[in-house]
Amino acid sequence: MSALAAVTVPWSPVDSAPPVERPVDLESRQWLRSLRAEGREHDEAVARLHELLLRAARFEVARRRPTLPHLRGDDLDDIANQAADDALVSVLARLDTFRGASRFTTWAYKFALLEAAVKLRRRAWQGRELPLEPESWALFSSSGLVPEQEAEQSELLTGIQHGIENALTPHQRRVLVALALNGVPVDVLAERLDTTRGALYKTLHDARKRLRGHLDEQGLSLDLKEMD
(Lines give C-alpha, C1' and ligand atoms only; values in the text may rest on other atoms or scores of the structure.)
Protein backbone atom coordinates (compact mmCIF):
# COMPACT_ATOMS: atom_id res chain seq x y z
CA MET A 1 0.00 0.00 0.00
CA SER A 2 1.25 3.50 -0.75
CA ALA A 3 2.46 5.50 2.20
CA LEU A 4 0.13 8.27 1.09
CA ALA A 5 -2.83 5.97 1.66
CA ALA A 6 -1.71 4.67 5.03
CA VAL A 7 -3.56 7.08 7.26
CA THR A 8 -4.71 5.70 10.58
CA VAL A 9 -8.17 6.94 11.37
CA PRO A 10 -9.21 6.75 15.03
CA TRP A 11 -12.30 4.55 15.43
CA SER A 12 -15.42 6.17 16.85
CA PRO A 13 -18.55 4.44 18.15
CA VAL A 14 -20.65 6.99 16.27
CA ASP A 15 -18.82 6.71 12.93
CA SER A 16 -19.87 3.16 12.09
CA ALA A 17 -22.51 2.02 9.63
CA PRO A 18 -26.20 2.37 10.56
CA PRO A 19 -26.86 -0.05 13.44
CA VAL A 20 -28.82 -3.24 12.93
CA GLU A 21 -31.93 -3.53 15.07
CA ARG A 22 -31.65 -6.52 17.45
CA PRO A 23 -33.52 -7.60 20.57
CA VAL A 24 -31.97 -5.86 23.56
CA ASP A 25 -30.88 -8.27 26.31
CA LEU A 26 -32.32 -8.01 29.81
CA GLU A 27 -29.19 -6.60 31.46
CA SER A 28 -28.94 -3.87 28.83
CA ARG A 29 -32.61 -2.97 29.24
CA GLN A 30 -32.04 -2.64 32.98
CA TRP A 31 -29.10 -0.31 32.37
CA LEU A 32 -31.16 1.86 30.05
CA ARG A 33 -34.11 2.00 32.43
CA SER A 34 -31.94 2.97 35.41
CA LEU A 35 -29.99 5.61 33.50
CA ARG A 36 -33.23 7.14 32.27
CA ALA A 37 -34.79 7.08 35.73
CA GLU A 38 -34.69 9.88 38.26
CA GLY A 39 -33.45 10.22 41.78
CA ARG A 40 -31.44 7.57 43.58
CA GLU A 41 -31.83 4.88 40.91
CA HIS A 42 -30.39 7.21 38.27
CA ASP A 43 -27.53 8.41 40.47
CA GLU A 44 -26.51 4.87 41.42
CA ALA A 45 -26.60 3.73 37.77
CA VAL A 46 -24.45 6.69 36.72
CA ALA A 47 -21.93 5.90 39.47
CA ARG A 48 -21.74 2.24 38.40
CA LEU A 49 -21.36 3.25 34.77
CA HIS A 50 -18.55 5.65 35.63
CA GLU A 51 -16.71 2.87 37.48
CA LEU A 52 -16.99 0.63 34.42
CA LEU A 53 -15.76 3.41 32.12
CA LEU A 54 -12.86 4.19 34.44
CA ARG A 55 -11.76 0.54 34.37
CA ALA A 56 -11.88 0.61 30.58
CA ALA A 57 -9.92 3.86 30.40
CA ARG A 58 -7.27 2.57 32.79
CA PHE A 59 -6.94 -0.59 30.73
CA GLU A 60 -6.31 1.46 27.58
CA VAL A 61 -3.86 3.75 29.35
CA ALA A 62 -1.92 0.77 30.71
CA ARG A 63 -1.87 -0.86 27.27
CA ARG A 64 -0.38 2.25 25.68
CA ARG A 65 1.93 3.21 28.54
CA PRO A 66 5.11 1.79 26.92
CA THR A 67 4.74 4.37 24.13
CA LEU A 68 4.70 7.25 26.65
CA PRO A 69 7.64 6.60 29.00
CA HIS A 70 7.93 10.31 29.88
CA LEU A 71 4.53 10.37 31.61
CA ARG A 72 4.30 9.78 35.34
CA GLY A 73 1.76 7.57 37.03
CA ASP A 74 -0.21 10.59 38.27
CA ASP A 75 -0.41 11.95 34.71
CA LEU A 76 -1.69 8.65 33.38
CA ASP A 77 -4.27 8.32 36.13
CA ASP A 78 -5.45 11.85 35.41
CA ILE A 79 -5.84 10.97 31.72
CA ALA A 80 -7.84 7.87 32.61
CA ASN A 81 -10.18 9.86 34.87
CA GLN A 82 -10.70 12.55 32.24
CA ALA A 83 -11.40 9.88 29.63
CA ALA A 84 -13.96 8.21 31.90
CA ASP A 85 -15.66 11.54 32.62
CA ASP A 86 -15.92 12.45 28.93
CA ALA A 87 -17.02 8.94 27.97
CA LEU A 88 -19.78 9.11 30.58
CA VAL A 89 -21.09 12.34 29.07
CA SER A 90 -21.00 10.80 25.58
CA VAL A 91 -22.79 7.63 26.63
CA LEU A 92 -25.55 9.47 28.49
CA ALA A 93 -26.07 11.76 25.51
CA ARG A 94 -26.38 8.79 23.13
CA LEU A 95 -28.60 6.37 25.04
CA ASP A 96 -31.21 6.60 22.30
CA THR A 97 -28.67 5.40 19.71
CA PHE A 98 -28.08 2.07 21.46
CA ARG A 99 -29.65 -0.68 19.33
CA GLY A 100 -28.53 -3.85 21.08
CA ALA A 101 -25.89 -4.99 18.56
CA SER A 102 -23.84 -5.84 21.67
CA ARG A 103 -24.39 -5.70 25.41
CA PHE A 104 -24.82 -2.18 26.77
CA THR A 105 -21.67 -2.47 28.86
CA THR A 106 -19.64 -3.53 25.81
CA TRP A 107 -21.04 -0.62 23.82
CA ALA A 108 -20.29 1.87 26.61
CA TYR A 109 -16.82 0.38 27.19
CA LYS A 110 -15.77 1.42 23.69
CA PHE A 111 -16.43 5.08 24.41
CA ALA A 112 -13.91 4.97 27.24
CA LEU A 113 -11.32 3.21 25.08
CA LEU A 114 -11.74 5.86 22.40
CA GLU A 115 -11.53 8.79 24.81
CA ALA A 116 -8.40 7.37 26.47
CA ALA A 117 -6.71 6.75 23.12
CA VAL A 118 -7.50 10.26 21.89
CA LYS A 119 -6.24 11.91 25.08
CA LEU A 120 -3.02 9.88 25.05
CA ARG A 121 -2.34 10.82 21.43
CA ARG A 122 -2.90 14.48 22.26
CA ARG A 123 -0.60 14.26 25.29
CA ALA A 124 2.09 12.60 23.18
CA TRP A 125 2.02 15.55 20.77
CA GLN A 126 1.71 18.21 23.46
CA GLY A 127 4.35 20.87 22.92
CA ARG A 128 5.54 19.33 19.65
CA GLU A 129 5.56 21.32 16.42
CA LEU A 130 3.50 19.85 13.62
CA PRO A 131 5.87 18.79 10.81
CA LEU A 132 5.12 20.77 7.65
CA GLU A 133 7.48 18.79 5.43
CA PRO A 134 7.89 15.01 5.02
CA GLU A 135 10.37 13.91 7.69
CA SER A 136 12.19 11.75 5.16
CA TRP A 137 11.32 10.99 1.56
CA ALA A 138 13.63 7.99 1.85
CA LEU A 139 10.96 6.31 3.97
CA PHE A 140 8.77 5.97 0.87
CA SER A 141 11.38 4.35 -1.34
CA SER A 142 11.94 0.64 -1.74
CA SER A 143 15.29 -1.10 -1.65
CA GLY A 144 16.50 -3.99 -3.75
CA LEU A 145 15.15 -2.65 -7.02
CA VAL A 146 16.78 -3.14 -10.39
CA PRO A 147 18.16 0.05 -12.00
CA GLU A 148 15.10 0.51 -14.21
CA GLN A 149 12.74 0.25 -11.23
CA GLU A 150 14.89 2.63 -9.19
CA ALA A 151 14.66 5.19 -12.00
CA GLU A 152 10.88 4.84 -12.15
CA GLN A 153 10.62 5.16 -8.38
CA SER A 154 12.82 8.23 -8.34
CA GLU A 155 10.72 9.84 -11.06
CA LEU A 156 7.53 9.08 -9.14
CA LEU A 157 8.85 10.50 -5.86
CA THR A 158 10.01 13.63 -7.67
CA GLY A 159 6.54 13.94 -9.21
CA ILE A 160 4.89 13.56 -5.81
CA GLN A 161 7.16 16.20 -4.27
CA HIS A 162 6.47 18.59 -7.12
CA GLY A 163 2.74 17.93 -6.93
CA ILE A 164 2.58 18.50 -3.18
CA GLU A 165 4.53 21.74 -3.50
CA ASN A 166 2.75 23.15 -6.54
CA ALA A 167 -0.62 21.47 -7.15
CA LEU A 168 -2.07 21.73 -3.66
CA THR A 169 -3.29 24.71 -1.70
CA PRO A 170 -1.27 25.57 1.42
CA HIS A 171 -4.00 24.07 3.62
CA GLN A 172 -4.26 20.89 1.53
CA ARG A 173 -0.48 20.54 1.62
CA ARG A 174 -0.35 20.95 5.38
CA VAL A 175 -3.10 18.39 5.97
CA LEU A 176 -1.73 15.83 3.51
CA VAL A 177 1.82 16.08 4.84
CA ALA A 178 0.73 15.91 8.47
CA LEU A 179 -1.75 13.03 8.15
CA ALA A 180 -0.53 10.92 5.25
CA LEU A 181 3.23 11.42 5.42
CA ASN A 182 4.15 12.24 9.01
CA GLY A 183 1.52 10.29 10.91
CA VAL A 184 0.03 13.12 12.94
CA PRO A 185 -3.18 11.79 14.58
CA VAL A 186 -6.25 13.34 12.96
CA ASP A 187 -7.71 14.42 16.31
CA VAL A 188 -4.45 16.18 17.22
CA LEU A 189 -4.38 18.03 13.90
CA ALA A 190 -8.06 18.98 14.27
CA GLU A 191 -7.34 20.48 17.68
CA ARG A 192 -4.28 22.42 16.49
CA LEU A 193 -6.08 23.82 13.45
CA ASP A 194 -9.31 24.49 15.36
CA THR A 195 -11.37 22.39 12.95
CA THR A 196 -13.15 19.03 12.87
CA ARG A 197 -12.09 15.55 11.85
CA GLY A 198 -14.74 15.59 9.14
CA ALA A 199 -13.34 18.78 7.64
CA LEU A 200 -9.84 17.29 7.64
CA TYR A 201 -11.05 14.11 5.93
CA LYS A 202 -12.65 16.27 3.22
CA THR A 203 -9.45 18.26 2.77
CA LEU A 204 -7.40 15.06 2.57
CA HIS A 205 -9.79 13.62 -0.01
CA ASP A 206 -9.54 16.78 -2.14
CA ALA A 207 -5.75 16.87 -1.80
CA ARG A 208 -5.41 13.26 -2.96
CA LYS A 209 -7.71 13.90 -5.89
CA ARG A 210 -5.75 16.97 -6.96
CA LEU A 211 -2.40 15.20 -6.50
CA ARG A 212 -3.63 12.22 -8.52
CA GLY A 213 -4.68 14.57 -11.32
CA HIS A 214 -1.29 16.25 -11.27
CA LEU A 215 0.50 12.91 -11.52
CA ASP A 216 -1.79 11.77 -14.34
CA GLU A 217 -0.86 14.91 -16.29
CA GLN A 218 2.80 13.98 -15.84
CA GLY A 219 2.18 10.44 -17.09
CA LEU A 220 2.78 9.03 -13.62
CA SER A 221 0.55 6.65 -11.68
CA LEU A 222 0.09 6.30 -7.93
CA ASP A 223 -2.53 4.31 -6.05
CA LEU A 224 -4.05 6.80 -3.61
CA LYS A 225 -6.83 4.77 -2.03
CA GLU A 226 -9.70 6.79 -0.70
CA MET A 227 -10.39 6.67 3.02
CA ASP A 228 -13.15 4.29 4.01
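Which residues in helix 2 and helix 4 meet? I started my notebook with that contact.

**Entry 1: ground rules**

I am working on a predicted model, where local features need pLDDT of at least 70, side-chain atom pairs count only at pLDDT 80 or more, and totals for chains, interfaces and linings use all residues. Residues are numbered from 1 along each chain as its sequence is written, and side-chain values use heavy atoms, with hydrogens and water left out. Helices are DSSP runs (H or I, at least four residues), numbered from the N terminus.

**Entry 2: helix 2 against helix 4**

I looked up the contact, taken as heavy atoms within 4.5 Å. On the helix 2 side I found Leu49, Leu52, Leu53, Ala56, Ala57, Phe59, Glu60, Val61 and Arg64. On the helix 4 side I found Phe104, Thr105, Ala108, Tyr109, Ala112, Leu113, Ala116, Ala117, Leu120 and Arg121.

The axes of helix 2 and helix 4 lie 8 Å apart, at an angle of about 45°. Axes here are lines fitted to C-alpha atoms, for helices over the stretch in contact, and angles run from 0 to 180 degrees between N-to-C directions. The two helices are therefore oblique to each other. The classes are roughly parallel under 35 degrees, roughly antiparallel over 145, roughly perpendicular from 65 to 115, and oblique for the rest. I noted the crossing of helix 2 and helix 4 as right-handed (the near helix is turned clockwise from the far one by less than a right angle).

For helix 3 and helix 4, I read axes that come within 8 Å and cross at roughly 135°. That makes helix 3 oblique to helix 4. Their crossing is right-handed. Helix 3 contributes residues including Leu76, Ile79, Ala83, Ala87 and Val91 to the contact, and helix 4 contributes residues including Phe104, Trp107, Phe111, Glu115 and Lys119.

For helix 6 (residues 170-181) and helix 8, the axes come within 9 Å and cross at roughly 100°. Helix 6 and helix 8 are therefore roughly perpendicular to each other. I listed His171, Gln172, Val175, Leu176 and Leu179 from helix 6. From helix 8, the contact residues include Leu200, Leu204, Ala207 and Leu211.

**Entry 3: nonpolar cores**

In soluble globular proteins, nonpolar side chains tend to be buried together. I searched for nonpolar cores, meaning sets of buried Ala, Val, Leu, Ile, Met, Phe, Trp, Tyr and Cys residues joined through side-chain atoms within 4.5 Å. Buried means under 20% relative accessible area, exposed over 50%, and partly exposed in between (1.4 Å probe, protein chains only).

The largest core has 30 residues, of which Leu35, Leu49, Leu53, Val91 and Phe104 touch the most other members. Two or more residues come from each of helix 1 (26-36), helix 2, helix 3 and helix 4 (104-125). Helix 2 gives the most, with nine residues. I then checked Leu35: leaving out residues up to four places away in sequence, Leu35 touches His42, Ala45, Val46, Leu49, Leu92, Leu95 and Phe104. A second, separate core has 22 residues, among them Trp125, Leu204, Leu211 and Leu220.

**Entry 4: salt bridges**

How many salt bridges are in the whole structure? My search gave ten, counting a side-chain nitrogen of Lys or Arg within 4 Å of a carboxyl oxygen of Asp or Glu.

Arg40 and Glu44 form one of them, at 2.7 Å from N to O. Both residues lie in helix 2 (residues 39-64), four residues apart, about one turn of the helix. Arg40 counts as exposed at 66% relative accessibility, and Glu44 as partly exposed at 40%.

Arg58 and Asp77 form another, at 3.4 Å from N to O. This pair links distant parts of the chain, with Arg58 in helix 2 and Asp77 in helix 3 (residues 73-93), 19 residues apart. Both count as partly exposed, Arg58 at 41% and Asp77 at 34%.

Arg64 and Glu60 also form a salt bridge, with the closest N and O atoms 2.6 Å apart. They both lie in helix 2, four residues apart. Is Glu60 buried or exposed? Glu60 is buried, with a relative accessible area of 5%, whereas Arg64 is partly exposed at 24%. Salt bridges that share partners join Glu60, Arg63 and Arg64 into one network.

**Entry 5: Gln218**

Last, I looked up Gln218, which lies in the segment after helix 8 (197-217). Gln218 is partly exposed, with a relative accessible area of 46%. Gln218 and Gly159 are 59 residues apart in sequence and 7.6 Å apart in space, C-alpha to C-alpha.
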